[in-house]
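Student: Can we go through this one together? I'll ask as I go.

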Amino acid sequence: MERELLPDHERQYDDDYWESRTYAPSAFLMYLGVEGDVDPLAHHTLVLPENWDPHFDEIFERPAWPDDPAYYLCVPSQTDDSVAPDGHSNLFVLVPLAPGLPDTEPVRERYREKILDDVAENTGVDLRERIVVEERFCVSEFADRYNATEGTALGLAHTLRQTSLLRPSIRSSAVDGLYFTGSFTTPGIGVPMCLISGEHAANALIEDREGPATP
Ligand SMILES: Cc1cc2nc3c(=O)[nH]c(=O)nc-3n(C[C@H](O)[C@H](O)[C@H](O)COP(=O)(O)OP(=O)(O)OC[C@H]3O[C@@H](n4cnc5c(N)ncnc54)[C@H](O)[C@@H]3O)c2cc1C
């Protein structure tokens, strides 16, 4: 984020630093509004191949679009009537991907077909002819809309060398009074961690203005 907002001399880390980091996975997401119900899909469904090792390799070892993906299907309309019009269902599909993967339109289109086939084959729910609303979100959107390096969906990976004090700090070392929060700083990735990060940033700001809190 600081790369988007600050001139080079006001950044605490240069481009080499950010380019040498390890990023958490990105994702291919399809948001679908469909006619009719999608029974027997529940609110949460995980579709797992019998051998999921290749997909892990394709995320972490040799980045590629997975041939036989493990993915998450979420159907909020199964538990909340307000999220889809009467007679319709709303769902999204999330396929974890390596960050930085090329996601051109032909690749996404091919993958859409693959996932719709896979959902039909593995869950018995054929969505294709019933889709009335469709949005896709992938590596490029994470990069362009959220300024997420390499289009990561999650932030800076939790590797040993990117843990605790080895993650970028909340206080900017380059600009007085500038604080960072969220999944690229401490303590890490995910909503609970990012809420804690916000609290730490607020506390750092208060402490810098008013001194350490007295017990
Ligand atoms: C599909 C998906 C599912 C997830 N599921 C879970 C889950 O089940 N549980 C969990 O714990 N975590 C989950 N996460 C991770 C979690 O959502 C993130 O780790 C967390 O939201 C990151 O918070 P953040 O504040 O760092 O960034 P964000 O929530 O991304 O907020 C950053 C904000 O900064 C804005 N911004 C970017 N650039 C600029 C700019 N130049 N000027 C102004 N504003 C800018 C963006 O628009 C955005 O609103 C999921 C993430 C994704 C993508």
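Student: Which domains is the protein divided into?
Tutor: Domain 1 covers 2-22 + 156-210, and domain 2 covers 26-146. The bounds come from an automatic or database domain assignment. This is a predicted model, in which local features need pLDDT of at least 70 and side-chain atom pairs count only at pLDDT 80 or more, while totals for chains, interfaces and linings use all residues. Residues are numbered from 1 along each chain as its sequence is written, and side-chain values use heavy atoms, with hydrogens and water left out.

Student: How far apart are the C-alpha centres of domain 1 and domain 2?
Tutor: They lie 31 Å apart.

Student: Ligand next. Which residues come nearest?
Tutor: Met1, Asn147, Ser183, Gly190 and Val191 come nearest, out of 15 residues around the ligand. A residue is near a molecule or strand if one of its heavy atoms lies within 4 Å of it.

Student: Where is Arg167 found, and what is it in contact with?
Tutor: Arg167 is in the loop between helix 5 and helix 6 (191-210). Helices (H or I, at least four residues) and strands (E, at least two) are DSSP runs, numbered from the N terminus. Leaving aside neighbours within four places in sequence, the contacts of Arg167 include Tyr13, Leu156, Ser183 and Gly188; contact means heavy atoms within 4.5 Å. A polar atom of the Arg167 side chain lies 3.0 Å from the backbone oxygen of Leu156.

Student: Switching to rings. How many aromatic pairs does the structure hold?
Tutor: There are 13. Rings of Phe, Tyr and Trp (its six-membered ring) pair if their centres lie within 6.5 Å; planes under 30 degrees apart count as stacked, over 60 as edge-to-face and the rest as tilted. Tyr17 and Trp18 are edge-to-face, because their planes are at 85 degrees, with ring centres 5.1 Å apart. Phe142 and Tyr146 form a tilted pair, 6.4 Å centre to centre with 40 degrees between the planes.

Student: Where do Phe142 and Tyr146 lie?
Tutor: Both are in helix 5 (residues 139-146), 4 residues apart, about one turn of the helix. Phe142 is buried at 10% relative accessibility, whereas Tyr146 is partly exposed at 48%.

Student: Back to Tyr17. What else is around its ring?
Tutor: Ring pairs link Tyr13, Tyr17 and Trp18 into a cluster. The charged end of Arg21 sits over the Tyr17 ring, 4.1 Å from its centre. That label applies if NZ of Lys or CZ of Arg is within 6 Å of the ring centre and within 35 degrees of the ring normal. Tyr17 and Trp18 are both buried.

Student: Last one, His44. Where is it found?
Tutor: His44 is in strand 2 (residues 44-47). The residue is exposed, with a relative accessible area of 54%. The side chains of His44 and Tyr72 are joined by a polar contact of 2.5 Å.

Notes:
Buried < 20%, exposed > 50% of the residue type's maximum accessible area, 1.4 Å probe, protein only. Polar contact = N/O pair within 3.5 Å; in protein donor to acceptor, adjacent residues only side chain to side chain.
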